[in-house]
Amino acid sequence: MRARTAAIQACSLLHRSIPHISRVKSVQDTWDAGDVELMAATGNSAAKAKYEQKVPAFYYRPTHTDCKMLREQWIRAKYERNEFEFIEKQEPYSAGYREGFLWKRGRDNGQFLSRKFILTEREGALKYFNKQDVRNTTQSALEALLARVAHRFCPPPSIQARDPKAVMKIETLNATFQPAKIGNPCGLQITYLKDNSTRNIFVYHGDAKEMVDWFNAIRAARFHYLQVAFPGASDEELVPKLTRNFMKEGFMEKTGPKHTEGFKKRWFTMDDRRLMYFKDPLDAYARGEVFIGSKENSYTVLAGLPPSTQGCHWNHGITIVTPDRKFLFACETEAEQRDWIAAFQRVINRPMRPQEYAVEAHFKHKP
């Protein structure tokens, strides 16, 4: 690399795939005195001071567990585009306004269609429009630039779009990359609350940089919203709240509240204290949601099912006990059972925050 640094194997493979900005040398290779001298003179600390000197607090720094596309774009942003040396190069995701077209999966037919999305911090929302519902909302390059710089975009009435198909409040917005689930290396799952129930939107873009810019624009909007909502909080306290990956996903079987119904296979997603189940992993709406509280509030998770339970096809049961009822699930393998129990236990062992009591109360009063 231009900056001599040490990289773990997962990252070194990505660096090898970008030869015009990287030259990878293994520790098992032969190193001459010049190579050693250069590493000693520069190294990771010097490279970080140069190439990461102006990384915004909200910008997502991927780890080895993140998808390949996200890690590759982080490398390109640093060493190819020099985004964190020149603040003006961060404008696509830091200006408070972004618009463009993304491929969105249809709720009913499962087809991906081009839809216009607008993210506006001024309105505190991410919106999208059906193609036929958008009149002439195209701005000139100068208009778009002025709008983003001023953070005050408001199209004149003559080019105002019709009502958006959906308005997602930044307050409840989340985004997480899901390439395997969506079937595209740039696949992004966006979730938000509608009537206090979770709604999923699945999108992608053919340009990886464009998709990562959208992701970080959402994080920037969330960051600025939280700075206003929690004026005394530090960046370190706010950054973990910007976006989150799901704690656990996968298929389990479930039965109904009377425990006499047959078990049905469902796709489960655990998003912090919300356990949601879907008929299909790409469903827009959950068939149901379960609130997982804390052990101090009488929530527990047990391996196995009550002895009288019948109708499950999978043998590795899980019982979640809440103050109001028991939820029965079954996993296909013992390993899946262990993983789910561990995920549930992590949440149950964590004391509930004040705002989570309001969420729990809503679940108890759901029709």
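Seven strands form an open sheet in the order S4-S3-S2-S1-S7-S6-S5, with antiparallel pairing, where two strands pair if DSSP finds at least two bridges between them. The model is predicted, so local features need pLDDT of at least 70 and side-chain atom pairs count only at pLDDT 80 or more, while totals for chains, interfaces and linings use all residues. Residues are numbered from 1 along each chain as its sequence is written, and side-chain values use heavy atoms, with hydrogens and water left out.

**The open sheet**
- Strand S4 (166-169) and strand S5 (174-177) are the edge strands, each pairing on one side only.
- Neighbouring strands of this sheet are turned by 35° against each other on average, direction ignored.
- Strand S3 (residues 125-129) pairs with S4 in the antiparallel sense over four bridges, and lysine 169 in S4 is the bridge partner of alanine 125.
- Helix H8 (residues 208-229) packs on the sheet, where it touches strands including S1 (97-105), S2 (112-120) and S7 (197-204), and its direction makes about 120° with that of S1; contact means heavy atoms within 4.5 Å.

**Helix H10**
- Helix H10 (residues 334-348) has 15 residues and reaches 21 Å from its first C-alpha to its last, close to the 21 Å expected at 1.5 Å a residue, a span taken as 1.5 Å times one less than the number of residues.
- Its buried residues (under 20% relative accessible area, 1.4 Å probe, protein chains only) are Gln337, Trp340, Ile341, Ala343, Phe344, Val347 and Ile348.
- Seen down the axis of H10, these buried residues fall within an arc of 160°, so they line one face of the helix.
- Strands S8 (248-254), S9 (264-271) and S14 (326-331) are among the elements that cover the buried residues of H10.

How values were computed. Helices (H or I, at least four residues) and strands (E, at least two) are DSSP runs, numbered from the N terminus. Buried means under 20% relative accessible area, exposed over 50%, partly exposed in between (1.4 Å probe, protein chains only). The arc is that of the directions from the helix axis to the C-beta atoms. Axes are lines fitted to C-alpha atoms, for helices over the stretch in contact, and angles run from 0 to 180 degrees between N-to-C directions.
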